[in-house]
Amino acid sequence: MVAPVDPKPGGALRNAFAGVLGFFILFLIGVLAFSIRLFSVIKYESVIHEFDPYFNYRVTQFLTKNGIYEFWNWFDDRTWYPLGRVIGGTVHPGLTLTAGTMWWILNSLNIPLSVETVCVFTAPVFSAFAAWATYLLTKEVKGIGSGLTAAILLALVPSYISRSVAGSYDNEAVAIFALIFTFYLYVKTLNTGSLFYSTLSALSYFYMVCSWGGYTFIINLIPMHVLLCIVTGRYSSRLYIAYAPLVVLGTLLAALVPVVGFNAVMKSEHFASFLVFIIIHVVAFVYFIKGILSPKMFKVAITLVLTVGIAIFVAVIAVLVALVSSSPTKGWSGRSLSLLDPTYASKYIPIIASVSEHQPPTWPSYFMDINILAFLVPAGIVACFLPLSDASSFVVLYLVTSVYFSGVMVRLMLVLAPAACILSGIALSEAFFVLTRSVKLQLVKLLEGPPLSNAGDTKGERSAAQNDVPNANKQDSSNKTEDIKDRPSKKNRKKEKETIEKAPVKSRNEKRLLVLPLEASAVAILLLVVLSGLYVIHCVWAAAEAYSAPSIVLTSRSHDGLHVFDDFREAYAWLSHNTEVDDKVASWWDYGYQTTAMANRTVIVDNNTWNNTHIATVGTAMSSPEKAAWEIFQSLDVKYVLVVFGGLVGYPSDDINKFLWMVRIGGGVFPHIKEPDYLRDGQYRIDAQATPTMLNCLMYKLSYYRFVETDGKGFDRVRRTEIGKKHFKLSHFEEVFTTHHWMVRIYKLKPEKNRIKRKTKKPKLSSKTSSGARRDGSTKKNPWQ
C-alpha cells in the first residue's frame with residue numbers, strides 16, 4: 001500500500017514552528033503586561049495604593065496568620081465602632097484567597113516573600129493572565145492573528161493599567177481575568193457544544209462571584225445573548241449546552257459565597273437569567289417534538305406547549321414580583337439602580353453619588369483610557385459581521401452593553417477595555433491581512449511581468465482556428481447525426497453559457513475587492529504602524545506618569561525640583577505611636593481603611609459604607625458648630641478627629657472640597673442640616689462672603705485653625721481665595737498634631753469640664769437674729785462669747 005503524499009511538503013514542520021512562535025509571542029505579551037505595571041515600584045517603592053487595597057491587605061494578613069476558618073468567622077471590632085463588622089460574611093473573598101494561596105505556595109517552595117510583597121505584585125501577575133485569556137477569547141471569534149493582536153492591546157491599555165499597577169491590590173486585579181476567562185469558556189462551548197467547557201465556565205463564574213460584585217454583568221449579558229440567538233433563529237443544541245449548565249451550576253455555587261448567599265435567587269439582578277432559562281427550555285422542547293411528530297400533530301403540540309409555557313412564565317413572573325414587591329427598590333441594589341437610572345443616586349443615595357469613580361466619564365477620559373481603540377472599534381464591529389457567528393455576535397453585544405455602562409460610571413471603563421481591545425484586535429488583524437496580501441500579490445505581479453508573446457499567441461490561435469475551419473466543415477456533415485444526439489437542449493445551453501460567463505466575472509470582482517493597489521496598501525500599512533506606535537507611547541506614558549503614583553505618597557514638580565509629600569504615613573505613624581490602642585478616631589469615611597490598617601486604631605466609619613446612618617452622624621458632626629459636634633463625638637466615645645486639608649500645598653482632594661457631600665448625607669438623615677445654609681446665593685464659598693453657618697461649622701474650624709500663621713493672609717491655594725474667618729480659637733478641641741505640609745491635621749477632644757454648682761445667695765439676717773442663728777430659725781450659742 002502506498003503512503004499518501006503530503007500535498008504541502010513541510011506542512012507539519014511549518015505548523016510546529018507556528019505553534020512555537022505563537023507560544024513565544026504569548027510569553028512575551030505576558031512579560032510586557034507584567035513589566036509595564038512596575039513603574040510604581042521603580043519610581044516610588046513597593047507600597048499598597050489607594051484606600052480599599054489597605055483593607056484587603058489587612059484581611060490577607062489576618063488570613064495568612066490565623067487560617068481560613070478564623071477568617072470566615074472574624075468579627076472586626078476596630079471598624080464601625082460601636083457596631084463592628086463581620087468580615088467573612090461581608091467581603092468578596094476571591095482576591096484574599098488568591099493572594100493567600102500564592103503566599104502559601106511561595107513559602108512552601110522556600111521563597112520567603114512577605115504578605116505585603118505578594119499583595120503588591122498580585123495585580124501585575126493577573127494582568128498577564130488576563131492578556132492570555134483575551135487571546136483565547138478572540139481566537140475563538142476570529143482566529144489566532146486577531147487573538148495575538150487583542151492580547152497585546154489589552155496588555156497595554158491604560159484603562160486596565162489604572163486598576164492593575166503594582167500595589168493596586170483591589171478586587172478588579174483578579175476580577176477582570178475571571179470576567180474574560182468566563183466569556184472565553186462560554187464562547188468555546190458555543191463553538192464546540194462540549195459539556196466539559198460548560199462546566200468549566202460555571203466554575204470560572206463562581207470564581208468571578210468570589211472576586212467582585214460585578215459578576216452581575218456576566219449573569220445578565222449571557223442571558224441577553226442567548227435571547228438574541230433565539231429571537232434571530234440561531235438556536236442550537238450548542239447554545240443550550242452553553243447556557244443551561246451555567247445557570248444551574250453557577251447559581252448553586254454563587255449561593256455558597258457568604259456575601260451573596262440567597263441573593264443569588266432573591267435579587268432582581270439575577271431574574272433575567274431565570275426567565276431566559278425557562279424560554280430556552282420551551283424552545284428546546286419545541287425543536288424536540290418537531291423532529292418526532294408529523295406536521296399536523298406538531299401544530300397541535302405547539303399550541304399546547306406554548307400555552308403551558310406562557311402559563312409557567314406568567315407564574316414565575318408573579319412569584320418574582322411577589323418576592324420583590326415589599327422592597328422599596330423592587331429587589332435592586334443601589335448601585336444597580338444607579339446604572340439603570342443615572343440620576344437615581346444623586347436623588348436618593350448621596351453616599352453613592354459622592355464617590356468620584358461613580359461619576360459619568362468625560363469624552364477626554366475615553367481618549368485617555370482607550371486612546372486609538374475608540375476609532376478602531378467600529379471597524380472591528382464590521383469585521384464581526386463578515387460573517388456573523390454566535391461568537392462574534394456575543395462580542396458585539398458585550399461591546400454595546402459595556403459602552404452604555406461605562407458612560408454611566410467612570411469605574412466601568414474597566415469593563416469596556418477588554419471589549420475595545422478584542423474588537424480593535426480583530427480590526428487591526430483583518431486590515432493587516434488584507435493589506436499585506438495585497439502587497440504580496442502586487443509585488444508578485446510586478447516581478448513576473450506581463451505574459452510573454454501575448455499578441456503573437458493571439459494571432460497564432462486565430463490562424464490556427466481559420467485553418468481548422470475547412471476540416472471542421474468536412475467532418476461536420478458526417479458527424480451531424482451524432483452531434484445532434486449529444487448536443488444539449490437550447491435551455492440547458494443557455495444555462496451553461498450564463499454559468500460560464502458569470503463565473504469569471506464573479507472571481508474578478510472578488511479579486512478587485514480583496515486586492516488593493518500597491519501604493520495604497522503600503523501607505524495604509526505605514527499609517528497603521530504609526531498609529532500603533534503612538535498607542536504604545538501613550539500607554540507607556542500613562543503607566544509611568546498618570547497611574548503609577550500611589551495616593552498614599554504624593555509628588556509634584558516645580559522650578560526647584562521634585563517634591564514628595566508623605567503626610568499621610570506621617571500622620572498614621574503619629575497615631576500609632578502617640579495614642580492608646582483603644583482610642584477611637586473619627587474622620588470622613590474615605591480614610592477609615594487606611595487608619596485601621598496603618599495606625600491600628602478603631603474608626604467610626606470606613607470605606608465599606610454599609611451603614612448610611614452612621615456615616616450621616618459623622619457628616620452631621622462635621623457640619624455642626626463646635627459644641628454640638630463635640631457632643632456628637634462624645635456620644636460615640638471619640639478621642640481624636642482627623643481632617644485632610646490641602647489649602648497650603650494645593651491638594652484638591654481634601655475635606656473642604658468634599659464638605660458639601662457631608663452636608664447632603666447628614667441632611668438626608670438629620671433634617672436640621674440644610675445645604676442652602678452653607679451656600680451664598682447658591683455658591684459654595686469659604687471667603688468673607690461665606691455664610692455664618694459655614695464659617696462656624698467644625699470642618700471649617702479644624703481645617704483653617706492657625707492657617708493665617710502660614711503666610712499672614714490665610715490664602716487657600718485650592719480654592720484660590722483668602723479665607724473668611726482668620727482669627728479664632730477652639731473651645732472644645734485642641735490641636736495635637738499637624739503634618740509637615742499641613743495635609744493631615746489631628747485634634748483631640750477636650751475632656752468634659754466639671755460641673756460647677758450654682759452659687760446660692762445667703763439669706764439676709766434680721767437685726768434681731770444673732771450671728772449664730774441657723775437657717776432653720778434656731779439659734780446656737782457662740783462658744784467664744
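## Backbone details and helix packing

At 38% relative accessibility, Asn 600 counts as partly exposed (from 20% to 50% relative accessible area, with a 1.4 Å probe and protein chains only; buried is under 20%, exposed over 50%). This is a predicted model, where local features need pLDDT of at least 70, side-chain atom pairs count only at pLDDT 80 or more, and totals for chains, interfaces and linings use all residues. Residues are numbered from 1 along each chain as its sequence is written, and side-chain values use heavy atoms, leaving out hydrogens and water.

Asn 600 sits in the loop between α28 (592-599) and β6 (602-603); helices (H or I, at least four residues) and strands (E, at least two) are DSSP runs, numbered from the N terminus. Glu 50, in the loop between α2 (39-43) and α3 (52-66), is also partly exposed, at 39%.

Here are the positive phi values, both in residues other than glycine:

| Residue | Phi |
|---|---|
| Glu 50 | near 55° |
| Asn 600 | near 55° |

Now for the cis peptide bonds. One joins Tyr 81 and Pro 82, with omega about 0°, and Pro 82 lies in the loop between β1 (75-76) and β2 (85-86). Another runs from Leu 386 to Pro 387, with omega near -10°.
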